Amino acid sequence: MGTNDKNTMGDGFPVQQEYQGLDGRANVASTNGAGKDAWEEVVREAAVRSMRRHGRKWWTGVVLLTLVVLAGFYAWIYQLRHGMGSAGYNDTAFWAVYLADVVAFIGVSYGGAVISAILRLTGQSWRAPLTRLAEGMALVTVLIGAAFIFPHLGRPERFLNIIAYPNTSSPLVWDFLAISTYMLATVIFFYLPLIPDLAIVNKYAGAPGGRARKAIFRALSLGWLGNEKQRRLLHGALTIVSLLIVPLAVSVHSVLSWAFALTSRPGWAETVFPPYFVIAALYSGTALVVVTASAFRKGYHLERFITRRHFARLGYLMAALGLVYLYLTFVDLIGEGYTGITTGWIQQTVTGRYALAFWFYVVAGELLPIVLVAIKKTRTPAGMTAAAVGVVIALWVKRMVIILPPATQPLVSGPWGGYHFTWVSITITLAGVAAIPLLMMLLFHFIPLFSIDEMEEVGYLGAVEQISAETTAAIASGEYEKVPALLATGAASQAAPGSSVRRTRPHLRRRAFGTGAAMVGAALLAAGAISLFSGARPAGASTATPFSLVVTQVTPGKAPLALTASGSPGQKVDFYVKTTTFSTDGMMQIGSAVASNGVAEVTYLPTWTGEETFVAQALGAGGTVAGSATQTYKVTIDPAGLPKSVYEYTRPMDGVGVNLVRTLLGIAAAVWILLLGTLVLVAVRMPRMARR
Amino acid sequence: MSWKFDFKQLKGMEIGEPEQPPSSCLSSAGSCGLPTRIAPGDEDSPVSRRNFLRLLGGGIGTAALVGAGAEFISYRAWAQGSNGTSGGGGMSGMGAATMADTKAPPTHQWAMVIDLRNCDGCGSCTAACQKAHSLTQDQTWIKVFSMEDSTGNGYHMPRPCMQCENPPCLDVCPVHATFRTDQGVVLVDQDRCIGCRMCMAACPYEARYFNWNSGVSYPRLPVEPTPEFPVPQREGTVGKCTFCVGNLNNGLLSECAAGCPMGSIYNADVITDVAVNSMGETVKLSKYLYDNDAVTYKPEDNTHPRVWYILGHGQDLDTDTDMSTNA
C-alpha cells in the first residue's frame, strides 16, 4: 500500500475532481446523506451498462464469435462422421488436445471461483467490483470445459453409460462426480450474490429491459428487500457455498490429475500431480480473471471501479502462484531425471520435440509474468493483462506438454509416436476459446456487471482500496497525518466497535463457522466384509484295471500318481496323458523312464480332479512304438496338495476398497445435500422474511 | 447370437452386492453360445472368483522377488517364492497351504507361452491375427517388437494382450466395458465402451488399439460382433487381443499360435496344465515353464500376466538360474 496516493485511488483517477464531493471521504462519512445516494447512482449506472442496447462493436463481436463457435460445431460434426483420426489422434497420441482443453478450461474456472470465494471469506472489500466477473467467468468456463469431454470421447452418445454402469474403481467416474458437483456449486455460487442485484435492478429507474425481464428478476430475487434477516440469511448461505467451493475445486483437479497419475506410465505416475494440477488451475484462473477484468473494464469503461490496484494485487497473487507452479514443474522433472530410470519423456520435454513448447511455457508463462509483476513500471493494467494473456496461453501449452510426451513414449520398444494438429482439432479448440467471451457478453447482457449490493456496501474506498476502519475514521475526521502510519500497519478489521463512520451491517462481522463440520458428520462409513464360501469337495473312486500300465495313487487321496508300466529290461517307456484341451486327441508327455527290472515308473502330479486317460508307449528300435497301453483313471486329488499356478491375484486394496468408495460417495452426497439444501433454504425463507 | 455377461461378477461392482451365484452363462456349457468345456466332476459348481482370491493368497509374495529394474521375473523364482517346496518335474508347492478350502476346480484358465528362442520375427502371427479379425494395418493386437538384450544383441518379442490377472485396464474403465471372464480372459464390450481411452493410458504393454477412423470396410459376417469375437470392430471404441477365446473353447489354437511357422506360441490352460503349439507339441505347462525358466514381462507393474516368455538370448533375468537351454 502506498502512502503518497491517498488522493489518487487507482488508475490516475482523481478522487476529488471527478466525484465532486462524492469522494471516499464524503461517502464514508455520511451513512444516509447525499453522498450515499450519489455513490449508489454511480454504481448502478455503471453496473447496468452491459444490459443496455449495444452498439455496433458489441454486435460485431457477438457475430464474429458466434461464427467461430459454429465453425467448431461444424468441425465436431465432421469429426463424428470421419472418426477421431481426423482430429490427429492415433494409438500413440491417444490423449491430446481435447483433454488439454478439458483440463485448461475447468482449470481457469477453478481459478475464478476460488479467487472470488477466498476474497469473500477473508472479507476483502476490494473484491467487490471483481467477484461477479470472476464468478461469471468460472460459470462459463466450467460449462465449456465440461463440453470438451464430448469431442474427447470416441462415443459421445454413450456418455450416460457412466451413470448407468459406473465403475467406482475408475478415476473417470470420480472425475464425473467431482466436475458435476463443482458445476452445481458454481451455479449456486453465481446465483446467490445475484439475488440482491436482481431486486435493485428492478427498482432502479435507469435500468433497461422490459416487462419479461422484470418478471423474471422479480421471481428470482425471492422478495429481496435487504432487511437485516435477509442479509444474514444470504450471508450465511454464501459463506457455506464459499467454504465448499474451495475443497470442491481441489477435489476436481486432484481427480482430474489422477486420470493420469493412476496409470503406470512414466511421466504421469507422479505423486506430485494432484497439487501440480490444482496450482496450475489456480494460476491460469487468476490470469484469466485479470484478462476478463481488463476486457470488461475497457469495454464498459469501468476504470473508476477496477483500478490499477486491483490489477497489481491480482498480479501479486498470480506471480506467487506462478512461482509455486514453477517449483512444482521442477519437482516433477527432477525426481525421475535424477535417477535416470525413465528419462525418455524428460528428454523429449526439455530438449526433444516438445522443447519449444516447454520453453515457451517457461518464458511466456513464468519468467515474463514474474518480471512484469516485479517491475513497478509494468505493474499497470496493461502490463498485468499482457502477463495474464501469456500465462493463459502458456498454461494451455503446458497441459499439452504434460499430456503428450508420456502418452507418445514407447513402453515396450520402438520409435516415439507423435500428435499432429489438424484443422478439426484446431477449430474445435478455437471455438472453445471464442465461446468464453461470447458467453460472457451474452451473460452480462442480462445481469449487472458487478455486484451492486456489495459495491454499495463497501463504498467507494472499500471497493477500490482495502483500508482499515481506523484509517477510514481518520480520513473521515480529517486526521490525514495519521493515515500513512495506519496504512502501513495494514490493519484489516472491517469496522471498529461503535464506529459510525461506515454503513455498518452486523452480519458482515458474524461468520458462519462450523458449517464444514456438517459435511464431515454426514460422511458415511460402513464396513463391508467379503464373505468367502466353501463347498463340498468332489469325491472320486479309483478304478484300476490290470493291464500293462498301472496307475496308482502313492498315498490314497494325495496328489502324486505312480504310473508303472511293464516292459522288457532296458526299454524306454514314454508316458502320456490324453488331453482334449486344444484338440480332440492331444497327447501330453508327462515323463519317460527306462524299464529296469522290467518295470518303468514315473510319478505324475495331476492338477485337477476328474477322469484322465494315461498312455504308456514302449519304444522299440529307431523310435518306433513297440507297445502301447492305455488306462483310464479317475483322479482324486486332495485340494491341499493341488499343484496349481497362481492364477488369481488378491488386490491389495480389495479390503478397504468398498469402504473407501462408500466414504467418498457419502462425502459427495453430503456436499450435494448441503449445496441444494442451502439453495432451497434461501429460496423458501427469503420471501417469508420479506413479508414480515 | 446374443451375448450376455453377469457384470455383478466383476471387480469394482462389489459395493453392497451379496455373494452372487454364477450366472447361467458361466455355469453351463452352451447356454449362452459359449461352448465352454466343463471339467468332469464340476458340472454344477464352477468356482467363483472369490474362491480364486482366497486360493491364491500365496501369490502376493511374488512382487517381493522382483529386483529393481528387472524387466522379467522368472517363473522358477516365482514358484519357489510361493511355497518353496517345488521339486522334480512339478510345482507341487504352488500355494499349497492356501488351497485347503477349494470347492471345485474351475473350467479353464487360458494362458500363453511364447518361446522367444524360436521366434524369428517373421510377423506371421500378426498377419494371421489381422486377417482373422479384419483389422487395419495399424491394429497389431499381437505385435512383434524388436528388442535388445543386455549384450546388445537383438531378438524378437511378440506381444499379445497379456490377459493380466490384475489388469490395470479393467480398473480404470469407467463403464465396465472391460471385464474379465472366469476363464481369465480380459475382453472389451464394444457396445458399451464410451471411447475415453483411459485403458490405453493404463496398459503398460501398449496392447490396446483404438478404432480411430470410420469408413474402414469390413467383410460382412453372418454374426453380430461379440466381446469374444469383436469382428468387425466398432468405430470410436477400443479393441484388443481376445486370446481367440472362441477358438480355445472349441479345442482350436488361437490364430497367432496356429499361424506361427516356428511353433513359438503355445496356447495353454492353467487348470489342465497343458500347452500346445502349432507344431502339435503338447507339453505339461508347469513343467515346461519351470524347466525353461519362463518369465513374465514387466512384473514391476504388478499386473500378473497370463503370458509367459521363455528367454534364451541372454536377456537379463533376476535369478541365478543357469540359462543352459538353447534351441
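**Reading burial, charge pairs and patches**

Analyst: B:Arg234 has a relative accessible area of 23%, so this residue is partly exposed. The scale calls a residue buried under 20% relative accessible area, exposed over 50%, and partly exposed in between (1.4 Å probe, protein chains only). The model is predicted: local features need pLDDT of at least 70, side-chain atom pairs count only at pLDDT 80 or more, and totals for chains, interfaces and linings use all residues. Residues are numbered from 1 along each chain as its sequence is written, chains are lettered from A and ligands numbered from 1 in the order in which they are written, and side-chain values use heavy atoms, with hydrogens and water left out.

User: With which residue does B:Arg234 form a salt bridge?

Analyst: Side chains of opposite charge can pair when their charged atoms come close. The criterion is a side-chain nitrogen of Lys or Arg within 4 Å of a carboxyl oxygen of Asp or Glu. In this case the partner of B:Arg234 is B:Asp191, with the closest N and O atoms 2.5 Å apart. The pair links distant parts of chain B, 43 residues apart: B:Arg234 lies in the loop between strand S7 (208-210) and strand S8 (238-240), and B:Asp191 in the loop between strand S6 (186-188) and helix H6 (198-202). Helices (H or I, at least four residues) and strands (E, at least two) are DSSP runs, numbered from the N terminus. B:Asp191 is partly exposed, at 44% relative accessible area.

User: Is A:Glu157 buried or exposed?

Analyst: A:Glu157 has a relative accessible area of 55% and is therefore exposed. Its salt-bridge partner is A:Arg155, at 3.0 Å from N to O. A:Arg155 has 19% relative accessibility, so this residue counts as buried.

User: Which residues gather in a patch of positive charge on the surface?

Analyst: A patch is made of residues with over 30% relative accessible area and no salt bridge: like charges are joined within 9 Å, and nonpolar side chains (Val, Leu, Ile, Met, Phe, Trp, Tyr) within 5 Å. Lys and Arg count as positive, Asp and Glu as negative; His and the chain ends are not counted. A charge is placed at NZ of Lys, CZ of Arg, CG of Asp or CD of Glu. Here A:Lys229, A:Arg232, A:Arg685 and A:Arg688 form the positive patch. Helix H12 (228-261) and helix H23 (654-691) of chain A each supply at least two of its residues. A:Lys229, in helix H12, counts as partly exposed because its relative accessibility is 43%.

User: Which residues form a nonpolar patch on the surface?

Analyst: A:Val63, A:Leu64, A:Leu67, A:Leu70 and A:Phe73 do, with about 500 Å² of accessible area together. Such areas come from the Shrake-Rupley method with a 1.4 Å probe; for residues, only the protein chains shown count as cover. A:Leu67 is placed in helix H4 (residues 56-82) of chain A.
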